[in-house]
Amino acid sequence: MSEPIWSYVTPGIPDELFDRLPGIPMSKCETRLLIIGQLRLKADSILWDIGAGTGTIPIETGLLCPKGKIVAIERDEDVAGLIAKNCQKFGVNNVEIKIGSAPECLTSLSTDPDRICIEGGRSVSEILEYCWERLQNEGRAIATTNSLEGLYAISESFAKLQARNVEVVQSSVNRLETRGNRQVFAAVSPMFIISGEKI
């Protein structure tokens, strides 16, 4: 039996190990670590990851929560196929892939989550409001954005929903890269990570 691609108990799978499609966004490793930290997962957490993209969050959290269930929501069939391919590559079998646009496609999900991660969607506020109704008590929701407008919209939604213990973190990461015969630090695109709890 061959060794698994990622044989560690800690998250932080290098970006280059994931299969990718051109133009499909991927949470960079360092940002992913911040997102996972903000989720504050349990071994049996039920996580909805909305706008799952390449599938990095479902795979990392699937490995961290062996007794849990991860639902990766993605509206594009080709991208959903990419998530399935990456799950198979890393031997993750507790990820369910749901194809459709949120929040409409979420109505068919039978199990309410205790963790929600919103990484994309046309109307983050609308998605967050629907998910909040389904979120279990003492659950956590996080949403990410790279724009000031997105930060304002998400913050406003959390206030409207009376979320407790709201936190905002902005990633600021630089990676050492080789360019020609020099090594330079290159910035990874910053991301706002907003989290709140349902009490």
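This is a predicted model: local features need pLDDT of at least 70, side-chain atom pairs count only at pLDDT 80 or more; totals for chains, interfaces and linings use all residues.
Start by showing the strands. Seven of them form an open sheet in the order β3-β2-β1-β4-β5-β9-β6, and the pairing is mixed. Strands of a sheet pair through backbone hydrogen bonds, either parallel or antiparallel. Now select residues 95–99, which are β3, and 164–170, which are β6. These two strands stand at the edges and have a single partner strand each, so one side of each has no neighbour in the sheet. Turn the view to look along the strands: on average, neighbouring strands are turned by 15° against each other, direction ignored.

**Strand β4 and its two partners**

Next, select β4. On one side, β4 runs parallel to β1, and four bridges join the two.

Are the residues on the two faces of β4 buried or exposed? Show the side chains: Arg115 and Cys117 lie on one side, Ile116 and Ile118 on the other, and all of them are buried. Both faces of this strand are therefore covered, since buried means under 20% relative accessible area.

**The nonpolar cores**

In soluble globular proteins, nonpolar side chains tend to be buried together. In this model, the largest nonpolar core has 23 residues. Select Ile50, Ile73, Leu106 and Phe158, which touch the most other members. The elements giving two or more residues to this core include β1 (46–50), β2 (69–74), α4 (124–134) and β9 (192–197). Which element gives the largest share of this core? That is α4, with four residues.

A second, separate core has 21 residues, including Ile13, Phe18, Cys87 and Phe90.

**A buried serine**

Move to Ser157 in helix α5, residues 148–160. Ser157 has a relative accessible area of 4%, so it counts as buried. Its side chain makes a polar contact with the side chain of Ser125, at 3.0 Å. Apart from neighbours within four places in sequence, Ser157 is in contact with Ser125 and Leu128.

**Aromatic pairs**

The whole structure holds three aromatic pairs. Select Trp6 and Tyr8 to see one of them: the pair is edge-to-face, 4.8 Å centre to centre, with 70° between the planes. Trp6 is buried because its relative accessible area is 16%, whereas Tyr8 is exposed, at 56%.

Finally, select Phe18 and Phe90. This pair is tilted, 5.0 Å centre to centre, with 40° between the planes. Where in the chain do the two residues of the pair lie? Phe18 is in the segment before α1 (29–39) and Phe90 is in helix α3 (residues 77–90), so the pair links parts of the chain 72 residues apart. Phe18 and Phe90 are both buried.

Key
Residues are numbered from 1 along each chain as its sequence is written. Side-chain values use heavy atoms; hydrogens and water are left out. Buried means under 20% relative accessible area, exposed over 50%, partly exposed in between (1.4 Å probe, protein chains only). A polar contact is a pair of N or O atoms within 3.5 Å; within protein, one must be able to donate a hydrogen and the other to accept it, and residues adjacent in sequence count only if both atoms are side-chain atoms. Contact means heavy atoms within 4.5 Å. A nonpolar core is a set of buried Ala, Val, Leu, Ile, Met, Phe, Trp, Tyr and Cys residues joined through side-chain atoms within 4.5 Å. Two strands pair if DSSP finds at least two bridges between them. Axes are lines fitted to C-alpha atoms, for helices over the stretch in contact, and angles run from 0 to 180 degrees between N-to-C directions. Rings of Phe, Tyr and Trp (its six-membered ring) pair if their centres lie within 6.5 Å; planes under 30 degrees apart count as stacked, over 60 as edge-to-face and the rest as tilted.
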